[in-house]
Amino acid sequence: MSYGPPHPVARLLLTPEDKEAPARARRLLGLGLGDHADPALDVFADHLAELTGAPYAMVNFIDENRQFFAGLHVRHRVALTRADEDKPELGRYMERDHGFCPHVVVRRKALVLEDVCDYPRFAGNPIVDEFGIRSYLGAPLIDSTGMALGTVCVVDVEPRPWGRAGLDTIKASAADLVTRLERRAGDGLPLL
């Protein structure tokens, strides 16, 4: 008895397919975003880290090939453990298949991961091993055209109970930043 050709083994798509990436890259270019560090966005990331108490905060724009942290807050490590000595420092660029922001952009919804190791889909992400990231809180930056430009997010190297307050904070921060970005692009007003 024959059942036909074997079915190809389904593979788990860890990084979601992003069909809007080419349009997003054009929109970011039009807004003057996504290819250079912005001191005002660094200040925004600093404020977000302060609000949440997280050691890392980012304003992240995602194009077809990579993620770019136009706004970045990295808490300096006071005392390094031996395990920390082997971890790379977080920079401005990250591969598209690293991290959780690409999921937020494609889902167009906030994502709360109090302990990434509780989720098999996310526990194997390269930033868990490479940077020691254990918790994530992020929200999409959805502009007035309906385009998800990127995210605002915070991460920690320890599991964190972000709770409803954290979710409300990240969503409000994302909405506030989109308003500021569009106002700056349209009127030339300062971001902050």
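In these legends, helices (H or I, at least four residues) and strands (E, at least two residues) are DSSP runs, numbered from the N terminus. The model is predicted: local features need pLDDT of at least 70, and side-chain atom pairs count only at pLDDT 80 or more, whereas totals for chains, interfaces and linings use all residues. Residues are numbered from 1 along each chain as its sequence is written, and side-chain values use heavy atoms, with hydrogens and water left out.

**Figure 1. Overview of the protein chain, with its seven helices and six strands.** Along the sequence, these elements follow the pattern α-α-β-β-α-β-α-β-α-α-β-β-α. A residue is called buried under 20% relative accessible area, exposed over 50%, and partly exposed in between (1.4 Å probe, protein chains only). Of the 192 residues, 45% count as buried. The accessible surface of the chain, from the Shrake-Rupley method with a 1.4 Å probe and with only the protein chains shown counting as cover for residues, comes to about 10,300 Å². Carbon and sulfur atoms account for 55% of this surface. A contact means heavy atoms within 4.5 Å. Among contacts between residues at least 6 apart in sequence, 66% join residues at least 24 apart.

Figure 2. Just after helix 1, glycine 32 adopts a positive phi of about 70°.

**Figure 3. The salt-bridge network of Asp18, Arg24 and Arg96.** A salt bridge is a side-chain nitrogen of Lys or Arg within 4 Å of a carboxyl oxygen of Asp or Glu. By this rule, the count comes to twelve salt bridges. Aspartate 18 takes part in a salt bridge with arginine 24, at 2.8 Å from N to O, and both of these residues are buried. Aspartate 18 also forms a salt bridge with arginine 96, their closest N and O atoms being 3.4 Å apart. Aspartate 18 lies in the segment before helix 1 and arginine 96 in the loop between strand 3 (93-95) and helix 4, so this pair ties together parts that are 78 residues apart in sequence. The relative accessible area of aspartate 18 is 13%, and arginine 96, at 13% relative accessibility, counts as buried.

**Figure 4. The salt bridge between arginine 134 and aspartate 115.** The closest N and O atoms of this pair are 2.8 Å apart. Arginine 134 lies in the loop between helix 6 (126-131) and strand 5, and aspartate 115 in the loop between strand 4 and helix 5 (120-123); the pair, 19 residues apart, links distant parts of the chain.

Figure 5. Two strands pair if DSSP finds at least two bridges between them. Valine 59 has glycine 71 of strand 2 as its bridge partner.

**Figure 6. Helix 7 and the elements packed against its buried residues.** Helix 7 has 25 residues and reaches 36 Å from its first C-alpha to its last. This span is close to the expected 36 Å, which is 1.5 Å times one less than the number of residues. The buried residues of helix 7 are Gly166, Leu167, Ile170, Ser173, Ala174, Leu177, Val178 and Leu181. They pack against helix 2 (39-52), strand 1, strand 4 (111-113), strand 5 (135-142) and strand 6.

Figure 7. Most residues other than glycine have a negative phi. Phi of arginine 108, however, is near 65°, a positive value in a residue other than glycine. At 31% relative accessibility, arginine 108 counts as partly exposed.
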